[in-house]
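I opened my notebook to look up a few things in a structure. Here is what I was looking at.

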Amino acid sequence: MEFRIADTFTDSLSRLLGDEQKAVKTTAFDLQLNPANPGMSFHKLDKAKDKNFWSVRVSSDIRLIVHRSTGSLLLCYVNHHDKAYDWAERRKLETHPKTGAAQLVEIRETVKEVIVPVYVQTELPAPRIALKPPLFADKSDDELLGYGVPAEWLNDVRQATEDSLLLLADRLPAEAAEALLELATGGKPRVAQPVTPVTNPFDHPDAQRRFRVMTNVEELQRALDFPWEKWTVFLHPEQRQWVERDYTGPARISGSAGTGKTIVALHRAVHLARTHPEARVLLTTFSDTLANALHTKLKRLIGSEPRLAERIDVHSLNAIGLRLYKSHCGPVNLASREAVRELLGEASKVVAGHKFSLHFLLTEWEQVVDAWQLEAWESYRDVARLGRKTRLPETQRTVLWSIFEQVRDGLKQRKLTTHAGLFTALASALAKSKHPPFDFAVVDEAQDISVAHLRFFAALGAEHANALFFAGDLGQRIFQQPFSWKSLGVDIRGRSRNLRINYRTSHQIRQQADRLLGPEVADVDGNSENRSDTVSVFNGPPPVIRVLKSEDEEANSVGSWIAEQSKAGVLPHEFGVFVRSPSQLDRAQAAVKASGLPFKILDEHVETASGHVSISTMHLAKGLEFRAVVVMACDDEIIPLQERIETVGDDADLQEVYDTERHLLYVACTRARDHLLVTSVEPASEFLDDLGKSPTG
């Protein structure tokens, strides 16, 4: 007998209290080990339209809904007694007549309205309000069925308007809801290929997203312990085509927060390892924190295939760069940022007559001189300063170069190498090597890789088919200045694709967060990411934005909100609280203390703790996700940070500061799945006007 779990089961399980979840998991393990055990209390659901639905007693009030047939047992849903029975009575498991996919379909009840004529004298009718037109009135039954719409919901779909679509989408199978949302935003959904009648309906790609076979207790335990990680297992068919495609050169997948870029990167790495049995694959990202998260997700994805995992190396960029440099170039002493700052300070004192601040010198060094590894005055004089837009006449560049030349000499005397120098030297060594250390490289969070990083990737395989695969979002660029990939030999034109379906963030949160960014973001080479047609696949409450009069009032307001969400079933570790900078962490602590929940302040390792609210700066929010998020201290002069604005040289640089500060707030807000609260103390950040102030809070 095949034992399966449905995504509706893991979703419902996550909404139960901790002790209730433990009892459900124990029952699920017992069912898998021996579903015929006489100790299992099965109860036939007489009112259910699907006669294969049964309830299983978990405790005095918790019931597990299963679909039982001769060949399989499917865990469908769990809740308190009445709610569980009500769910089962309104669902049925069926095979879609056109796509052939197994679906859990909500039963469409037909209610006939009885009109009783009443003959009374009435006043003239009020003016008629124009109704919004139906969105799919011109779609044929065959077309709608091709998108996976259940037959009994065809009329409702055809009558759906802009106002009713999201409510309807919540009641349809995922593939149907996503196709309709895509149609409504001007897209053209891909029609699934019909399958033969003899094919197992659970084997259809759409069905595999929501029903997963559990082959052993260990696999079931992983699935129940990490319900948030189900997207590493259920790859959307629309994503799969980009994972399995052959590319003639470097390729990039883009998409706004929550569209599954990391999952696509994971599956791409696994696909390359599977289809090239002798190949070595590098899966990398820009920080140790995110690399650790990738490694954890990879283990959950291919935990049963250890030989495959042996050929996929997961490292942060700096970690793999250091390892490869030692093996190809020899030992190295890396220069810290503090050491470079010290050298810049010493050199600027020697060169008289300039008015450049130490902050300007450091950023000019990092973003221009060191980034591009400029070794001569002529190179600095002529460099295209794409990331540094401040206009510098040649006389000022001459003064600056005299400072930077001393810094370069100081680094040589101390035998120190910067990260940019390390990757540039490594790229040169790899370009001469006949045996590259990796056959393929898959890069997550690619919007934040540096010039030297890209040189390294170009040396690894810019000229080879399928060798380089990038995943990123220009709207989340917070660490690196923009630069031309094409100029460094990595040309993704014609091989750049946008993901449009958002699985992680509710429609309401995504819609408001997107207001922080423009509808389209483009890179230096002209590759654009259009966000206007992104759609979320589920609804939630609208974000709450509160502007308070004092920090104490803000702490009490946030504390009350967290306590309310906790009472509604959000667990402590499902909360994230973010602030712009370390100096605002005390405000976050005060707020969480007011809620009465334990908390942990995340460091650069970003290790969340079960049973604890996570508190962090926005820069550490990358890669995290929570059911409920609070973004605090969004005050004027905190975001955008006044200290950054004061160091700006001209209007072009000011725009770059504003862009990256907006990206920071966007990243923090889009860590939320279901609930988002944004707060500030008067006067509030100007960004909250774009995010959309709530008149009531």
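**Ground rules.** I am working with a predicted model, in which local features need pLDDT of at least 70 and side-chain atom pairs count only at pLDDT 80 or more, while totals for chains, interfaces and linings use all residues. Residues are numbered from 1 along each chain as its sequence is written, and side-chain values use heavy atoms, with hydrogens and water left out.

**The sheet.** I looked up strand order first, with helices (H or I, at least four residues) and strands (E, at least two) taken as DSSP runs numbered from the N terminus. Two strands pair if DSSP finds at least two bridges between them. I found an open sheet of 6 strands with mixed pairing, in the order 2-3-4-5-1-8. Strand 2 (42–44) and strand 8 (211–213) are its edges, each pairing on one side only. From one strand to the next, the twist averages 35 degrees; axes here are lines fitted to C-alpha atoms, for helices over the stretch in contact, and angles run from 0 to 180 degrees between N-to-C directions.

Helix 1 (residues 7–14) packs on this sheet and touches strand 1 (2–6), strand 4 (62–68) and strand 5 (72–80), where contact means heavy atoms within 4.5 Å. I also noted that helix 3 (residues 81–89) lies across strands 2, 3, 4 and 5, at about 135 degrees to strand 5.

**Cysteines.** How many disulfides are there? I counted sulfur pairs within 2.5 Å and got 0 disulfides. Is cysteine 634 buried or exposed? Cysteine 634 is buried, at 0% relative accessible area; buried means under 20%, exposed over 50%, and partly exposed in between (1.4 Å probe, protein chains only). Cysteine 329 is partly exposed, at 35%.

**Valine 521.** I found this residue in strand 16 (residues 520–522), and at 17% relative accessibility it counts as buried. Leaving out residues up to four places away in sequence, valine 521 touches Leu474, Asn527, Ser528, Glu529 and Arg531. Its C-alpha is 6.9 Å from that of glycine 475, 46 residues apart along the chain.

**Helix 18.** I checked the length of helix 18 (residues 394–413), which has 20 residues.

Key: The expected span of a helix is 1.5 Å times one less than its number of residues.
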